[in-house]
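Hi,

Here is the structure I promised to pass on. Have a look at it first, and then read my notes below.

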Amino acid sequence: MFLIYIIDNQEISNQTIEKFAAKYSSFLSQNITEMANEKSCQFNLNYYAVILESHIEPDKEQLYKDAKEHNIEAFYIKKSFKLEHIEILAVDMDSTLINIECIDEIANLAGVKEQVSEITKATMQGKITNFSDSLKQRVAFLKNINISLLDNIYNDCLKLSDGVENLLEYMHKKDVHTMLLSGGFTFFSDKLKSRLNLKEAYSNKLSVKDDMLTGEVEGEIIDGNMKAKLLQTTMDNKNLNLDNVISIGDGANDLPMMEISGFSVAYKAKPIVTRQASMSINKLGLDVIILLP
């Protein structure tokens, strides 16, 4: 059995509900709909949800296409999924936990944002498959930038993605172990770990000499495979399996950690990630996850 979630910031018309129900051979799940909307009220999420139930797995790409056409959020999950079983939340940083790609903003300071952004985009889309080489190539553009300027990016450009604080507050109340696994930089991830009370945070360390970036990365690079390795280590230490893990990402280097998670969420993600994730959030905030059963 599958549950089809239709969500918006306002009440969804009966016409839209009937159209989705007919197209996806589904029927209203009254109890789960009521539970989702009770959660929305309880946590002040300002979402209105309708949940349909189907014996047939929906066409994922068509469902997302229909949602975009109606300007709503729509996704489906297996009815067997239970949010209460989640004990680890693993989340990517750039363009997932936060609204920017930090490396592109640093590159902007050096006047090379266009060049670096193109490499970033191709890497996140999976067109460049070696993340480590891609990162080294991009970081080389950042040589001779004063480290103090990164504070300007953190203070002026970096914003939390919609719904992040609500989601983390919910997870922390449930005593879920929160992890930040990023191919970005410790300058930002360390600040976010402290600010958001995350249990663990891993990312790459920019090399600095005389307060200037050297254009290199120190130590082992946190790529997709390392993200998965770090997540697996925490799972093993806690004696948990994949059914206890939810991961969230947007780019190709998030796929390895998503593949070892029982449930994965693509957040405003590249098509290569959307196709493989358990569900996708394309319009609303990350706190939509709270509405899951």
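Before the helix packing, a word on how axes are drawn: they are lines fitted to C-alpha atoms, for helices over the stretch in contact, and angles run from 0 to 180 degrees between N-to-C directions. Helices themselves are DSSP runs of H or I with at least four residues, strands are runs of E with at least two, and both are numbered from the N terminus. Please keep in mind that this is a predicted model, where local features need pLDDT of at least 70, side-chain atom pairs count only at pLDDT 80 or more, and totals for chains, interfaces and linings use all residues. Residues are numbered from 1 along each chain as its sequence is written, and side-chain values use heavy atoms, with hydrogens and water left out.

**Helix 1 and helix 3**

The axes of helix 1 and helix 3 are 12 Å apart, and the two pack at an angle of about 165 degrees. That makes them roughly antiparallel to each other (angles under 35 degrees count as roughly parallel, over 145 as roughly antiparallel, 65 to 115 as roughly perpendicular and the rest as oblique). Helix 1 passes helix 3 in a right-handed crossing; right-handed means the near helix is turned clockwise from the far one by less than a right angle, left-handed anticlockwise. On the helix 1 side, Thr-16, Lys-19, Phe-20 and Lys-23 meet residues of helix 3 including Leu-63, Asp-66 and His-70, where contact means heavy atoms within 4.5 Å.

Helix 1 covers residues 14-23, with Asn-14 in it. Asn-14 counts as exposed, at 56% relative accessibility (exposed is over 50% relative accessible area, buried under 20%, partly exposed in between, with a 1.4 Å probe and protein chains only). From Asn-14 to Lys-209 is 195 residues in sequence and 62 Å in space, C-alpha to C-alpha.

**Helix 5 and its partners**

Six of the eight residues of helix 5 are buried, so it is largely enclosed by the rest of the structure. The buried ones are Cys-102, Ile-103, Asp-104, Glu-105, Ile-106 and Ala-107. After helix 5 comes Gly-111, with a positive phi near 75 degrees.

How do the axes of helix 5 and helix 6 cross, and at what angle? They come within 8 Å and cross at roughly 165 degrees, and the two helices are therefore roughly antiparallel. This crossing is right-handed. Ile-103, Asp-104, Glu-105, Ala-107 and Asn-108 in helix 5 meet Lys-113, Val-116, Ser-117 and Thr-120 in helix 6.

Helix 8 (residues 149-157) also packs against helix 5: their axes come within 10 Å and cross at roughly 125 degrees, so these two are oblique to each other. Here too helix 5 passes in a right-handed crossing. Glu-105, Ile-106 and Leu-109 in helix 5 meet Leu-149, Leu-150, Ile-153 and Cys-157 in helix 8.

Thr-120 sits in helix 6 and counts as buried, at 3% relative accessibility. Its side chain has a polar contact of 2.9 Å with that of Asp-104 and one of 2.9 Å with that of Arg-138. (A polar contact is a pair of N or O atoms within 3.5 Å; within protein, one must be able to donate a hydrogen and the other to accept it, and residues adjacent in sequence count only if both atoms are side-chain atoms.)

Arg-138 is one of the buried residues of helix 7 (residues 131-140), along with Phe-131, Ser-132, Ser-134, Leu-135 and Val-139. They cover an arc of only 160 degrees around the axis, which puts them on the same side of helix 7; the arc is that of the directions from the helix axis to the C-beta atoms. Their cover includes helix 5, helix 6, strand 6, strand 7 and strand 8.

Most residues other than glycine have a negative phi. Asn-71 has a positive phi of about 55 degrees and lies in the loop between helix 3 and strand 4. Ser-95, in helix 4, has a positive phi of about 65 degrees.

Cheers
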